[in-house]
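We will go from one selection to the next, and I will tell you what to look for at each.

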Amino acid sequence: MRQSAITRKTAETQISVEINLDGTGVYDNQTGVGFFDHMLDQLSRHALIDITTRATGDLHIDDHHTVEDTGIALGQALVRALGDKKGIRRYGDCALAMDDTQVRCALDLSGRAFLVFNIDFPSEKIGSFDTQLVREFFQALSTHGGITLHIDAVHGFNSHHLAEAAFKSVARALRTAVEADPRMPQAIPSTKGAL
């Protein structure tokens with residue numbers, strides 16, 4: 001079963017994440033940051049990965065630690081659920097349109113963390129949510145999930161749409177990458193023999 005649970009406790013946050021890579025996109029995310037919960041719901045639904053998140057953090061300061069630490073925990077849960085990565089497709093990509101916006105994502109579950117993030121948000125906030133935290137989440141996910149992750153905005157002028165398209169495009173690419181490869185069900189998808 002490709003499932004895992006991670007608990008992360010620091011002086012700033014307490015996070016628990018449960019995932020099922022072979023789910024149907026069932027989600028229950030409660031971080032105390034409304035817009036971020038909405039983005040995690042999109043990630044789950046469009047990746048078809050069941051995600052349950054509980055987070056409490058120092059929101060009286062700002063949302064930064066909660067968002068970043070959730071990304072850390074989710075990346076760690078992904079690594080644990082994937083195991084040796086035998087039989088997965090490994091790569092995924094998606095060009096996702098959302099109204100005025102198009103965001104492209106390409107990713108590799110290589111074990112080598114690298115983030116390329118090219119989205120310029122036209123506003124600093126989406127409601128009360130700091131748009132800089134979108135990049136912080138994906139940096140944490142990439143680093144702790146061992147993901148080479150490229151996210152590029154082709155165009156768009158609405159910050160909400162840009163953020164949501166980023167989460168959805170990553171979700172669709174991740175869905176492909178974690179899926180079983182029916183042609184190579186017992187193989188590690190690398191000439192090295194390990195990922």
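Start by selecting T66: this residue is buried, with a relative accessible area of 0% (buried means under 20% relative accessible area, exposed over 50%, partly exposed in between, with a 1.4 Å probe and protein chains only). T66 is found in helix α2 (helices, H or I with at least four residues, and strands, E with at least two, are DSSP runs numbered from the N terminus). Now show what surrounds T66: leaving aside neighbours within four places in sequence, its contacts include T13, I15, F36, A55 and D58 (contact means heavy atoms within 4.5 Å).

Before moving on, two notes on what you are looking at. This is a predicted model, in which local features need pLDDT of at least 70 and side-chain atom pairs count only at pLDDT 80 or more, while totals for chains, interfaces and linings use all residues. Residues are numbered from 1 along each chain as its sequence is written, and side-chain values use heavy atoms, with hydrogens and water left out.

Select β1, β2, β3 and β4 together. These four strands form an open sheet in the order β1-β2-β4-β3, with mixed pairing (two strands pair if DSSP finds at least two bridges between them). The edges are β1 (3-9) and β3 (27-30); each has a single partner strand, so one side of each is left without a neighbour in the sheet. Neighbouring strands here are turned by 5 degrees against each other on average, direction ignored (axes are lines fitted to C-alpha atoms, for helices over the stretch in contact, and angles run from 0 to 180 degrees between N-to-C directions).

Zoom in on β1 and strand β2 (residues 13-20), which pair in the antiparallel sense over seven bridges. Helix α2 (residues 64-82) lies across β1, β2 and β4, running at about 35 degrees to β2.

Now select β5, β6, β7 and β10. They form another open sheet of four strands, ordered β5-β6-β10-β7, and the pairing is again mixed. Here β5 (91-98) and β7 stand at the edges with a single partner strand each, so one side of each has no neighbour in the sheet. The twist averages 10 degrees from one strand to the next.

Which strand pairs with β6 in the antiparallel sense? Strand β10 (residues 148-155) does, over seven bridges with β6 (residues 101-108); look for V103 opposite A153. On the β7 side, five bridges join strand β7 (residues 114-118) to β10, and these two run parallel. L115 has L149 of β10 as its bridge partner.

**Aromatic rings**

Show the aromatic side chains; the structure holds five aromatic pairs (rings of Phe, Tyr and Trp, the last by its six-membered ring, pair if their centres lie within 6.5 Å; planes under 30 degrees apart count as stacked, over 60 as edge-to-face and the rest as tilted). F35 and F129 make a tilted pair, 5.1 Å centre to centre with 45 degrees between the planes. This pair links distant parts of the chain: F35 is in helix α1 (residues 34-47) and F129 in strand β9 (residues 129-130), 94 residues apart. F35 is buried at 13% relative accessible area, and F129 is buried at 4%.

Then pick F137 and F167. Their ring centres are 5.2 Å apart and their planes at 25 degrees, so the pair is stacked. F137 lies in helix α3 (residues 132-145) and F167 in helix α4 (residues 159-178), so the pair ties together parts 30 residues apart in sequence. Both F137 and F167 are buried.

**Last stop: two cysteines**

C94 is buried at 14% relative accessibility, and C105 is buried at 3%. A search of the whole structure finds zero disulfides.

Technical notes: A disulfide is a pair of cysteine sulfur atoms within 2.5 Å.
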